[in-house]
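Visitor: I would like to learn how to read a structure feature by feature. Can we take one and go through it together?

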Amino acid sequence: MRRKSESNALSHCETLMMKLIWDAERELSIQEIIARFNERYHRDYARSTIVTFLGKLTEKGYVSTRREGKKAYIHAEVAEKPYMEQMLREETDFWFGGSPSEMMSALFEAREISKEEIAKMRSILDVLDT
């Protein structure tokens with residue numbers, strides 16, 4: 001559940017739908033979205049349910065639809081990276097009082113982090129420190 005107060009905040013299922021669309025890196029037909037969504041997320045949503053999600057995403061400005069003959073293709077209007085960055089800021093503010101170090105500490109406690117990942121994180125921090 002998102003804490004974003006604006007009317008264009010995404011529900012959990014809408015977020016799953018957007019992730020699927022972003023990962024495709026090309027426009028998908030509604031039929032492709034239905035098949036991929038149900039397969040990826042182990043759901044059995046009917047066409048009408050998927051179309052309802054897409055309609056809400058269109059109303060919120062996240063996607064647009066392009067018709068080609070009888071097929072409709074979905075295009076992301078919002079890029080994944082800015083959306084993800086905004087969500088990370090909101091989660092950090094909500095759960096960790098805006099403290100990235102508290103968020104990182106929680107991540108280390110919640111996941112097993114390899115030495116390779118730790119080295120990557122150190123190099124990122126070193127670049128930020130210069």
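This is a predicted model: local features need pLDDT of at least 70, side-chain atom pairs count only at pLDDT 80 or more; totals for chains, interfaces and linings use all residues.

Visitor: Is E25 buried or exposed?

Guide: The cut-off for exposed is over 50% relative accessible area. E25 has 74% relative accessibility, so it counts as exposed.

Visitor: What about its backbone? What phi does E25 have?

Guide: The general idea comes first. Most residues other than glycine have a negative phi. E25 is not a glycine, yet it has a positive phi of about 60°.

Visitor: Where is H42 found, and what is its phi?

Guide: H42 sits in the loop between α2 and α3. Its phi is positive, about 55°, and H42 is not a glycine either. At 71% relative accessibility, H42 counts as exposed.

Visitor: In which loop is D44 found?

Guide: D44 also lies in the loop between α2 (30-40) and α3 (47-59). Its relative accessibility is 74%, so D44 counts as exposed. For a distance, take I34. D44 and I34 are ten residues apart along the chain, and their C-alpha atoms are separated by 9.0 Å.

Visitor: Now the sheet. In what order do the strands come?

Guide: Again, the idea first. Strands of a sheet pair through backbone hydrogen bonds, either parallel or antiparallel. Here three strands form an open sheet in the order β1-β3-β2, and the pairing is antiparallel. β1 (28-29) and β2 (63-68) stand at the edges, each with a single partner strand, so one side of each has no neighbour in the sheet.

Visitor: Which helix packs on the sheet?

Guide: α1 does, and it touches β1, β2 and β3. The direction of α1 makes about 90° with that of β3.

Visitor: How many bridges hold β2 and β3?

Guide: Six bridges, in the antiparallel sense, with β3 spanning residues 71-76. Check two of the partners. V63 has A76 as its bridge partner in β3. R67 has A72 as its bridge partner in β3.

Visitor: Let us turn to helices. How far does α4 reach?

Guide: Compare the span with the expected one, at 1.5 Å a residue. α4 covers residues 80-96, which is 17 residues. From its first C-alpha to its last, α4 reaches 23 Å, close to the 24 Å expected.

Visitor: Which residues of α4 are buried, and what covers them?

Guide: The buried residues are Y83, M87, E90 and T92. Their cover includes α1 (12-24) and α5 (100-110).

Visitor: How does α6 read, by span and by cover?

Guide: α6 has 15 residues and reaches 21 Å from first C-alpha to last, close to the 21 Å expected. α6 is hardly covered, and the count of buried residues among its 15 residues is one.

Visitor: Last feature: pockets. How much space lies in the largest pocket?

Guide: The idea is simple. Rolling a probe the size of a water molecule over the atoms shows where empty space is left. In this model, the largest pocket holds about 330 Å³ of space.

Visitor: Which residues line the largest pocket?

Guide: The lining is P100, S101, M103, M104, L107, M121, I124, L125 and L128. Sort them by element next. α5 and α6 (115-129) each supply at least two residues of the lining. α5 gives the most, with five residues.

Notes
Residues are numbered from 1 along each chain as its sequence is written. Side-chain values use heavy atoms; hydrogens and water are left out. Helices (H or I, at least four residues) and strands (E, at least two) are DSSP runs, numbered from the N terminus. The expected span of a helix is 1.5 Å times one less than its number of residues. Buried means under 20% relative accessible area, exposed over 50%, partly exposed in between (1.4 Å probe, protein chains only). Contact means heavy atoms within 4.5 Å. Two strands pair if DSSP finds at least two bridges between them. Axes are lines fitted to C-alpha atoms, for helices over the stretch in contact, and angles run from 0 to 180 degrees between N-to-C directions. On a 1 Å grid over the protein atoms alone, a cavity is a set of points where a 1.4 Å probe fits but cannot get out, and a pocket is an open set with protein on both sides within 12 Å along at least five of seven lines; lining residues have an atom within 4 Å of a point. Grid points are joined across faces, edges and corners, and a volume is the space filled by probe spheres set on the points.
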